[in-house]
Amino acid sequence: MTTQGLTIRGIELRRIRLPLVSPFRTSFGTQVERDLLLLRVETDEAEGWGECVAAEDPLYSSEYVDASADVLRRFLIPALSAHRGGAGIASAVDVGQALAPVKGHRMAKAALEMAVLDAELRALGRPLSRELGAVVDRVPSGVSVGIQDSVPQLLDAVGGYLDEGYARIKLKIEPGWDVEPVRAVRERFGDDVLLQVDANTAYTLRDARHLARLDPFDLLLIEQPLEEEDVLGHAELARRIRTPVCLDESIVSAQTAAAAITLGACSIINIKPGRVGGYLEARRIHDLAVAHGVAVWCGGMLETGIGRAANAALAALPGFTLPGDVSASGRFYATDITEPFVLDDGQIAVPTGPGLGVTPLPAILDEVTTATEWIPLG
Ligand SMILES: [Mg+2]
């Protein structure tokens, strides 16, 4: 398929499996390894990489990695060449429209758009950060701390991350693990630590009075306390607690972001490009939030260096006024598949090379690959 700038020969789906440096527990489960899907777009001019953030199980959202691979092979990749009556996409900016007839599957769509965008930008010699509108070359790095077996273990973990220089701490919470861990972290490390919590939908509006007990701890925000579809519940909760409400799982598009903002369901948005269907939609949500005075920050989905590079580029946009979960590679992986991202004075450098600015290291990639599949594009 020939686009304006690219002749796409085909797309490789590549499954990899990476062990995590330590188990990562949230309110919906514990992960010990990352089984994920990478896409490589092969064109006459350049290669492009995409990372699908879907997890092995449909617990964070309805998407899961086997389903992503299936919808890509059967529906999304064929839709690229079928676009415009068989003429195919003319550019990466057409990918969203080409895939729109397929409902949902935003993580799979985001990965495909990312790979085409990377190839196109590499061919043009333009970095993704500049293309998106980045205004800084380094972004502050926050860390997400999973639910621990005990408060002393939590304090050890948080202390270690603060020693590494992380600019902000996020604690995963759930009923039974919320007020006390927050109090313990505040008492040990003081009021100056930038601190926030993430419930991953574990509460209901009936917990409003309990969640108000977090008010005295001066948290930056509470992330997604209620179910993803309970936007009105978040609006009501936001009136009952002082901690600012941030939405993650509920925001799947610029349209849902606009509704949530209008309803008063959030004063802050966690933008995850995979969750919203891609980096271009992520930028639209950024622009919308800026126009409404709503702060945004970039979330994380245990990305490898591929997704991490793109997230760092996005987090460099001007509306990203809170530190994101763009942490160093070593937070999750002893060996990343790219040159590792490292923490420098609490910050991560935004890649400057064309496209994502990083590529997988072939020897490491081969070691962690569990399957590959080539899908030619006519
Ligand atoms: Mg979250």
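1. In this predicted model, Ala254, Ala257, Ala258 and Ile261 of helix H9 meet Glu281, Arg284, Ile285, Leu288 and Ala289 of helix H11. Sorted by class, the contact of H9 with H11 holds seven nonpolar residues and two charged ones, with no polar residue taking part.

2. As to how these two helices are placed, the axes of H9 and H11, the latter spanning residues 279–291, come within 9 Å and cross at roughly 25 degrees. Angles under 35 degrees count as roughly parallel, and H9 and H11 are therefore roughly parallel to each other. The crossing in which H9 passes H11 is right-handed.

3. A magnesium ion has as its protein donors Asp198 (OD), Glu223 (OE) and Asp248 (OD), which lie 2.1 to 2.4 Å from the ion. Along the chain, the donors of the magnesium ion follow the spacing D-x24-E-x24-D. Glu223 belongs to strand E8 (residues 222–223), while Asp248 sits in the loop between strand E9 (245–247) and helix H9 (254–263), so this pair ties together parts that are 25 residues apart in sequence.

4. Turning to the record, an unreviewed UniProt entry carries the annotation "domain: Mandelate racemase/muconate lactonizing enzyme C-terminal", which covers residues 151–244.

5. Helix H5 (residues 151–164) and helix H6 (residues 179–189) have axes that come within 10 Å and cross at roughly 50 degrees, which makes H5 oblique to H6. H5 passes H6 in a right-handed crossing, and the contact is made by Val151, Leu154, Leu155, Val158, Gly159 and Leu162 of H5 together with Pro181, Ala184, Val185, Arg188 and Phe189 of H6. By class, the contact of H5 with H6 comprises nine nonpolar residues, one polar and one charged.

6. A further helix pair is formed by H1 (residues 65–86) and H3 (residues 106–124), which pack at an angle of about 50 degrees with their axes 10 Å apart; H1 and H3 are therefore oblique to each other. The crossing of H1 past H3 is right-handed, and the residues that make the contact are Ser68, Val71, Leu72, Leu76, Ile77 and Leu80 on the H1 side and Ala108, Lys109, Leu112 and Val116 on the H3 side. The residues of the contact of H1 with H3 divide by class into eight nonpolar, one polar and one charged.

How values were computed
Residues numbered from 1 in each chain as written. Predicted model: local features only at pLDDT ≥ 70, side-chain atom pairs only at ≥ 80, totals over all residues. Heavy atoms only, no water. Axes fitted to C-alpha atoms, helices over the stretch in contact; angles between N-to-C directions. Helix = DSSP H or I, 4+ residues; strand = E, 2+ residues; numbered from the N terminus. Parallel < 35°, antiparallel > 145°, perpendicular 65-115°, else oblique. Left-handed = near helix turned anticlockwise from the far one by under 90°. Contact = heavy atoms within 4.5 Å. Nonpolar A, V, L, I, M, F, W, Y, C, P; charged D, E, K, R; others polar. UniProt positions renumbered as here; feature names shortened; annotations may be inferred. Donors = N, O, S within 2.8 Å, 3.2 Å for Na, K, Ca; no water.
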